[in-house]
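This report covers helix packing, overall composition and a few loop residues. Please keep the sequence and the structure at hand while reading.

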Amino acid sequence: MFHLSNYQANEPTDEAMNVGLPATSDHELSHAIQAKLLYNFQTTHHFFVGDESTVELFNALKEIALKNDHEYFGILELHPEYEAVLSMLKLLIDSVPELPESPGYNAIQWMEDMHPNCWMAWKNATFYLSGGATLISRFQQYLVQRHVPNEQIRIIN
């Protein structure tokens, strides 16, 4: 499950330590550091695949992509109540309903329905796979079947 941390203007801050820096929680800082370590700066296209547990990390990866003028997109398997989070964070990521009995199925189906021209644009992306082990495993197998080299696939535990 993800946690959205909202800074409240009336919360006390240490002005000397926070001058010029956006207010962040330890949780957000952890995601920012992890994202910077995972991010493939050698590619210009980044594709995220995961579930609701990965939203904050993907948001941190999005920030890096935007700062580097790179493209990003992705697909998340989500419970319907988490849909609003994607628009709130302005994540350019599509979502499909989660199938607890078959993780990864709807995300793969979404990829299969992607227009062939879209696949041509994204097949050389770095793919970031995160979430449950079954989702990751199934999507990794799918990418390998689509001839995506292992070097382009990043598994996030």
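## Helices α2 and α3

Helix α2 passes α3 in a right-handed crossing; a crossing is right-handed if the near helix is turned clockwise from the far one by less than a right angle, and left-handed if anticlockwise. The axes of α2 and α3 (residues 55-67) come within 8 Å and cross at roughly 55°. That angle makes α2 oblique to α3. Angles under 35 degrees count as roughly parallel, over 145 as roughly antiparallel, 65 to 115 as roughly perpendicular and the rest as oblique. Axes are lines fitted to C-alpha atoms, for helices over the stretch in contact, with angles from 0 to 180 degrees between N-to-C directions.

On the α2 side, the residues that meet α3 are His27, His31, Ala32, Gln34, Ala35, Lys36 and Leu38. Their partners in α3 are Glu56, Leu57, Ala60, Leu61 and Ile64. By class, this contact of α2 with α3 has seven nonpolar, three polar and two charged residues. Ala, Val, Leu, Ile, Met, Phe, Trp, Tyr, Cys and Pro count as nonpolar, Asp, Glu, Lys and Arg as charged, and the others, Gly among them, as polar. Contact means heavy atoms within 4.5 Å.

## Basis of the model

This is a predicted model, in which local features need pLDDT of at least 70 and side-chain atom pairs count only at pLDDT 80 or more, while totals for chains, interfaces and linings use all residues. Residues are numbered from 1 along each chain as its sequence is written, and side-chain values use heavy atoms, with hydrogens and water left out.

## Overall composition

The protein chain has seven helices and five strands. Helices (H or I, at least four residues) and strands (E, at least two) are DSSP runs, numbered from the N terminus. From the N terminus on, their order is α-α-β-α-β-α-β-α-α-β-α-β.

Of the 157 residues of the protein chain, 41% count as buried. Buried means under 20% relative accessible area, exposed over 50%, and partly exposed in between (1.4 Å probe, protein chains only). Among contacts between residues at least 6 apart in sequence, 67% join residues at least 24 apart.

## Helices α5 and α7

The axes of α5 (residues 105-112) and α7 come within 9 Å and cross at roughly 25°. The two helices are therefore roughly parallel to each other, and α5 passes α7 in a right-handed crossing. In α5, Ala107, Ile108, Met111 and Glu112 meet Arg138, Phe139 and Tyr142 of α7. The residues of this contact divide into five nonpolar, no polar and two charged.

The buried residues of α5 are Asn106, Ala107, Ile108, Trp110 and Met111. These buried residues pack against α7 and also against β1, β2 (71-78), β3 (94-97), α6 (116-122) and β4 (126-130).

Ser137 lies in α7 (residues 133-145). Ser137 is partly exposed, with a relative accessible area of 32%. The C-alpha atoms of Ser137 and Ile155 are 18 residues apart along the chain and separated by 9.3 Å.

Thr43 sits in the loop between α2 (26-38) and β1 (45-51). Thr43 is buried, with a relative accessible area of 17%. A polar contact of 2.9 Å joins the side chains of Thr43 and Thr126. The side chain of Thr43 also reaches the backbone oxygen of Asn40 at 3.5 Å. A polar contact is a pair of N or O atoms within 3.5 Å; within protein, one must be able to donate a hydrogen and the other to accept it, and residues adjacent in sequence count only if both atoms are side-chain atoms. Not counting residues up to four places away in sequence, Thr43 touches His70, Asn124 and Thr126.

His70 is found in the loop between α3 and β2. At 13% relative accessibility, His70 counts as buried. The His70 side chain makes a polar contact with the side chain of His46 (3.3 Å). Leaving aside neighbours within four places in sequence, His70 is in contact with Tyr39, Phe41, Thr43, Thr44, His46 and Ala65.

## Positive phi values

Most residues other than glycine have a negative phi. Asp69 has a positive phi of about 55° although it is not a glycine. Asp69 lies in the loop between α3 and β2 and is exposed, with a relative accessible area of 73%.

Phi of His147, also a residue other than glycine, is positive and near 70°. The place of His147 is in the loop between α7 and β5 (153-156). At 71% relative accessibility, His147 counts as exposed.
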